[in-house]
Amino acid sequence: MATTVRLSLRRISDELSDFDYLFNLLHQCGEGSAVIIDFSNCNFLTPNAVAFLGGLARLIEYKSGTCDFDWNTLSPAVRANLAQNGFVSTFGGAIDPWDGNSVPYREDQTLDVDGLLNYLRTKWLDDYRIHLSQELEDYIIGKVWEIYDNAFEHSQSPIGIFSCGQYYPQKHELKLAVVDFGVGIPYNVRKFRSEETLEAGYAISWAFKSGNTTKSGSRGLGLDILKDFIRINKGRLEVFSHEGYGLISKDTEEYSSRLLTPTFEGTLFNLTLKCDARYYHLASST
Amino acid sequence: MKKIEIYTIVGENCITRTAGQKVYDLVHSELLSGHSVDLDFEKVRVFASPFFNASIGRLFEDIAPLDFDRLVKVSNLAPANMQVFKQVIQNSKRYYSDKGYREALDATLREQAQAK
């Protein structure tokens, strides 16, 4: 008989403690569990949480469990957000999504190049939120593509990739979270280097270095390119994989192994960009 | 010099390895024959490293760097994307020029594949 697990969510933002909270949810769901997500105590959810919850639900299903969302426990604000970004309709709720400040929740089991490009161009970099020249828009999309390519190429995720974003007009920020429940960056780097005890934080830093890759052939540039873009354009990128953590911003590039926190075997990218086109520079102009 | 219009081969998005492979197949045969090529990126909009790695980086497997520099011309590639192009070339030259490193890498990958 399946174990019933009722997960009562609290408010979830994108502080470090919020990511730890999310990862701990995963550890509460054993194989074959019947999980119910309760929103009674949740008055706020950021896109990293939405993407993660969606992926968690699919992972539970993949592992022969069930995952139901108790829509009756949604607060009006969270209901509006999850309905607008399509999360509710994706998981069986009877509310169709609509356009607004949300960037739609999205699941990609296989690589849908045109679909993803259209998503980034029309749903994330919406002209309403940020006015960019076509050249700049194309440039940014090319950089963010490196995240998706990294996930599809390396993650070995059995359930695909999960994305969600949000526009925060008062902060002039655009966020995008991309999650996979695959093997994680440290796993691939440890295997490649035959160093099973390699620190997770170091493994992530290794993956972000130009020329490093765990695949044969001359590759290994994508994450390094993304890193440069973030730094030049005053964005912020966080990467979580296993106990490893990477933070890249204009003045910061740090990697660490967070040993006292719940681990996440997949990989989560949390990207924040400024919505003021004046912040943006093409690499050639720096 | 043979002009290769990249847009005609792969469209406006040069981002995937699959697209890169198509360009590689065309360019590789020309270079092996000693023919020069002009890679024309007019009308291409989006670029990413997987494409450049698969189309250009791989050329250094059997095309000497000096021959590449002599035979390959690039046109209509914006400076921002030219930087990525050059980084791929730099990485590839290093990878393929260090035979010892490459053999050790490939041996490791073979072992890993057999261990699965």
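Visitor: Which charged end sits over the ring of B:Tyr24?

Guide: That's B:Arg58, with its charged end 4.0 Å from the ring centre. Bear in mind that this is a predicted model. Chain A has a case too: the charged end of A:Lys171 sits over the ring of A:Tyr168, 5.7 Å from the centre.

Visitor: How many aromatic pairs does a search of the whole structure find?

Guide: Over all chains, 29. One of them joins A:Phe39 and A:Phe69, with 6.3 Å centre to centre and 25 degrees between the planes. Planes under 30 degrees apart count as stacked, and this pair is stacked.

Visitor: Which parts of chain A does that pair tie together?

Guide: A:Phe39 is in strand E2 (residues 34-45) and A:Phe69 is in strand E3 (residues 66-70), so the pair links parts 30 residues apart in sequence.

Visitor: Are those two buried or exposed?

Guide: Under 20% relative accessible area counts as buried. A:Phe39 comes out at 0% and A:Phe69 at 9%, so A:Phe39 is buried and A:Phe69 is buried.

Visitor: Why is the pair of B:Phe41 and B:Phe52 edge-to-face?

Guide: Look at the angle: over 60 degrees counts as edge-to-face. Here the planes are at 65 degrees, with the centres 6.2 Å apart, so the pair gets that label. B:Phe41 lies in the loop between strands E3 (37-40) and E4 (46-47) of chain B, and B:Phe52 in helix H3 (residues 49-55), so parts eleven residues apart in sequence are tied together. B:Phe41 is buried at 2% relative accessibility, and B:Phe52 is buried at 0%.

Visitor: Which residues do ring pairs link into a cluster?

Guide: Among them are A:Phe19, A:Phe23, A:Phe52 and A:Tyr245.

Technical notes
Residues numbered from 1 in each chain as written. Chains lettered and ligands numbered in written order. Predicted model: local features only at pLDDT ≥ 70, side-chain atom pairs only at ≥ 80, totals over all residues. Heavy atoms only, no water. Phe/Tyr/Trp six-rings, centres within 6.5 Å; stacked < 30°, edge-to-face > 60°. Helix = DSSP H or I, 4+ residues; strand = E, 2+ residues; numbered from the N terminus. Buried < 20%, exposed > 50% of the residue type's maximum accessible area, 1.4 Å probe, protein only. Lys NZ or Arg CZ within 6 Å of the ring centre and 35° of its normal.
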